[in-house]
Amino acid sequence: MPSIALPPKENALFKRILRCYEHKQYRNGLKFCKQILSNPKFSEHGGKTDFTLKENPTSFAKFSAVVLACVRLLQRSDKKYDEAIKCYRNALKWDKDNLQILRDLSLLQIQMRDLEGYRETRYQLLQLRPAQRASWIGYAIAYHLLQDYEMAAKIVEEFRKTQQTSPDKVDYEYSELLLYQNQVLREAGLFKEALIHLTTYEKQICDKLAVEETKGELLLKLDRSDEANEVYRRLQERNPENWSYYQGLESALKPGSVEERQKIYDDACVKFPKGLVPRRLPLNFLSGEKFRECLDRYLRMNFTKGCPPLFTTLKSLYTDKEKVSIIEELVVSYEESLRSCRMFSQNDDGKTEPPTTLLTPTLIELFLIKAKIYKHAGNIREAARWMDEAQALDTADRFINSKCAKYLLKASLVKEAEEMCSKFTREGTSAVENLNEMQCMWFQTECALAYKAMNKYGEALKKCHEIERHFVEITDDQFDFHTYCMRKMTLRSYVALLKLEDVLRVHPFYFKAARIAIEIYLNLHDNPLSDDSKESQSDNTNLTDKELKKLRNKQRRAQKKAQLEEEKKNAEKEKQLKNQKKKKEEDDEEIGGPKEELIPEKLAKVENPLEEAVKFLTPLKSLVRNKIETHLLAFEIYLRKEKYLLMLQSVKRAYEMNPDHPWLHQCLIRFFKGVADNKGLPQPVQTVLKQEITRLFGESDPKSYNKNFLSKHASSIPHRLAAAKMMVYLDPSTESMAAELATSLDESLTGRTLQVCSEVLQALRDGSLGSEQQKVVESYRASCHGLYPYCLAFMPPGYQDNAAITTNGDLSSGDHEDMTNEM
């Protein structure tokens, strides 16, 4: 059936509607729609078409080009790219040379990474419009992404020949084309051709720094060391603080000994007397007295200048115990000598140092480092107080403000952290909303951890879903760059963007949020939330009259406080509504309609927690395979779903990475026991499981496997804890032996850290090491308190931290001193 065409006037209006839609000028677009519908011939289609398209869009695609355009726009607006591609392919059957359809189809194909289809579509566009630049570039990028680099390079070269550009003229877009062509040659492994290309067109490339850096890399790959040496010398003069230039210079000079290697940096120190990098880099490879001499010069220079980031630059050296002891000796000797004679050493030539070399009382970094020490000592509340004191010294410093907010969140002080962040967020809106709008994921991740620690699972899940939405938005936002980058010729950045988007969820923010969400959903599956009122009533029946009266007073105070907070919140909301009225109107017109609201109570009482957990797990399994935690989290989900083959897949992948991981050991024991106890498995599944278990692990008896694991790792506390948990899991009567095994704090044992000791204490309390461990809990806590006296987790039962954190730097000195003395 032929397409039903609009009259010329209405057709012109419809094209304007499409342009308005593409440019998000929705109000103007609606006006033009009304003009078309005001014609009696088309008025009857006003409501029916929209409804029918949403119900069954493909049914109308073959009848009308107008309706087809609406279908495409609807599918794209709903982010249903697969369905939109089907509509476009169907449209091409009726109009195979329609340029607009082909262009839109190519955008959808690259968005969905249908690279083969993208190449075919771009070839059609090249045949139809061979004179257009975008046709050639799009076709070349298609081959580039398919890793056919030589073909991509040939296409770019053919296109370059058509460009009429004067050698003396500065043309940014032509420059970018040349750099992209050179990148393709390098990725194809044609290093010699790439160097010749770079040398030939060097004058026409605007980015001179990129030319020099690329030339240095190519010369090294071609083993032309003398020329590479000259290039890196020039780069060094341009920026003597760039680490990579020194590494390139080393690769070019190929020093045969430590002395020759050190000479490179000694020469650089003479040439660049104020340079810090040539003094810092030798500390990585020097040792003994040479390290001491070099470190002495570096420390004196930085202490005299009062460089705050000195500790940060030396932090990487702290993995070497010998270097740590030398650093300590030098710094302590400086401190003693500066106090006695105001010199770094009594043997110096008499030049005295200013008092600020020894101490700068208002140096923010001193407070910051003290906060870090308290954090690592296990007292996050005291750490937060000192971080608040640090930010009070410079309230305009955004970094310190963010650091203080992070510490407050680690101390579960969410409201205080929000107030701290509000100093740098937009006025007229709440800090939380503004941070979410700005995709501030570090804040949301820490919020999720804080809410999880407080057992507010709904709030924690809300933050995790917000982070997940950010990644979805980032993926969707690339759609606009498919045409923009080709138009502006930013081809190198465009290809880098596409490669980044392909592995976007590898980012630590996503992994951390996904892990938090999965752990919460697992907990909700194991312990579903019950009705709050019934739970509170059952708790109240066990209280005495005095305790009940105290509880009711506490509830009244909390209710009054909540009421005041609600009034304050309502006033803020009213102000926000007034200031954001225009913005909300624009948001209502957003493509795809409004997003579903994330309600904490609804998230915490989801019907199927395991299915929700799988949604977070799926990207991790494909992109974060190199982390053992991914496969262990997958096992925990499949264990509860009783998917034994998927459980086997998870433990196999984890076993290949680290067969001695304590968490993996617990998974294996539960897996072996589950396979042995489940007699209802299909026979083929049982056969596969038994064969694989025997092939991989040698034996499937859980008790003997646990015993062998313990004997192999008898000197490691984390492994002893894992084995002890499994002893109780397999035989509850062994809980006393398991507790003795896990709670040993002998100095000969490895892995005796604050974190591991906290895990042992938690295992004693939650019943993982048996139900009758009250006496053991207290004795173990006391022993840990002796080892880690500042850690809040090991404080005596009656201990209370009453010092308040005001988040404005008003640290009460009296309260602080009392707390310090008490510790």
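## The whole chain

Start with the cartoon view: the chain has 44 helices and zero strands. The model is a predicted one. Of its 823 residues, 41% count as buried. Next, show the surface. The chain exposes about 45,800 Å², and carbon and sulfur atoms supply 52% of that area. Among contacts in the chain with a separation of 6 or more, 61% are made by residues 24 or more positions apart.

## Salt bridges between parts of the chain

Side chains of opposite charge can pair when their charged atoms come close. A search of the whole structure finds 38 salt bridges. The next stops visit some of them.

Select Arg89 and Asp114. Their side chains form a salt bridge, with the closest N and O atoms 3.8 Å apart. Arg89 sits in helix α5 (residues 81-94), while Asp114 is in the loop between α6 (99-111) and α7 (115-128); the pair links distant parts of the chain, 25 residues apart. Arg89 is partly exposed, with a relative accessible area of 39%. Asp114 is also partly exposed, at 28%.

Now select Arg133 and Glu173. In this salt bridge the closest N and O atoms are 2.6 Å apart. Arg133 belongs to helix α8 (residues 133-145) and Glu173 to helix α10 (residues 172-187), so the pair ties together parts that are 40 residues apart in sequence. Arg133 is partly exposed, with a relative accessible area of 28%. Glu173 counts as partly exposed at 28%.

Move on to Arg670 and Glu636, and hide the surface if it is on. Are Arg670 and Glu636 buried or exposed? Both residues are buried. Their side chains meet in a salt bridge, at 2.5 Å from N to O. Arg670 lies in helix α37 (residues 662-677) and Glu636 in helix α35 (residues 628-641), so this bridge ties together parts 34 residues apart in sequence.

Select Lys215, in helix α12 (residues 208-221). Why does Lys215 count as buried? Its relative accessible area is 12%, and buried means under 20%.

Then select Arg505, in the loop between α28 (491-502) and α29 (508-526). Arg505 counts as buried, at 15% relative accessibility. Leaving aside residues up to four places away in sequence, Arg505 touches Glu468, Phe471, Val472, Thr475, Tyr510, Pro619, Leu623 and Val624. Pick out Glu468 from this list: it is 37 residues from Arg505 along the chain, and the C-alpha atoms of the two are separated by 9.2 Å.

Arg552 is in helix α31 (residues 545-579). Arg552 is partly exposed, with a relative accessible area of 48%.

For a nonpolar patch, select Leu358, Leu359 and Leu366. Together they have about 250 Å² of accessible area on the surface. Leu359 is in the loop between α19 (321-341) and α20 (364-376). At 51% relative accessibility, Leu359 counts as exposed, because the cut-off for exposed is over 50%.

## Two loop residues with positive phi

Return to the backbone for the last stops. Select Gln439, in the loop between α24 (431-437) and α25 (441-453). Gln439 has a positive phi of about 55°, although it is not a glycine. Gln439 is partly exposed, at 26% relative accessibility.

Finish at Asn455, in the loop between α25 and α26 (457-477). What is the phi of Asn455? Phi is near 65°, a positive value in a residue other than glycine. Asn455 is exposed, with a relative accessible area of 52%.

Terms used. Residues numbered from 1 in each chain as written. Predicted model: local features only at pLDDT ≥ 70, side-chain atom pairs only at ≥ 80, totals over all residues. Heavy atoms only, no water. Helix = DSSP H or I, 4+ residues; strand = E, 2+ residues; numbered from the N terminus. Buried < 20%, exposed > 50% of the residue type's maximum accessible area, 1.4 Å probe, protein only. Contact = heavy atoms within 4.5 Å. Areas by Shrake-Rupley, 256 points an atom, 1.4 Å probe, with all protein chains shown as cover. Patch = residues over 30% accessible without salt bridge, like charges linked within 9 Å, V, L, I, M, F, W, Y side chains within 5 Å. Salt bridge = Lys/Arg side-chain N within 4 Å of Asp/Glu carboxyl O.
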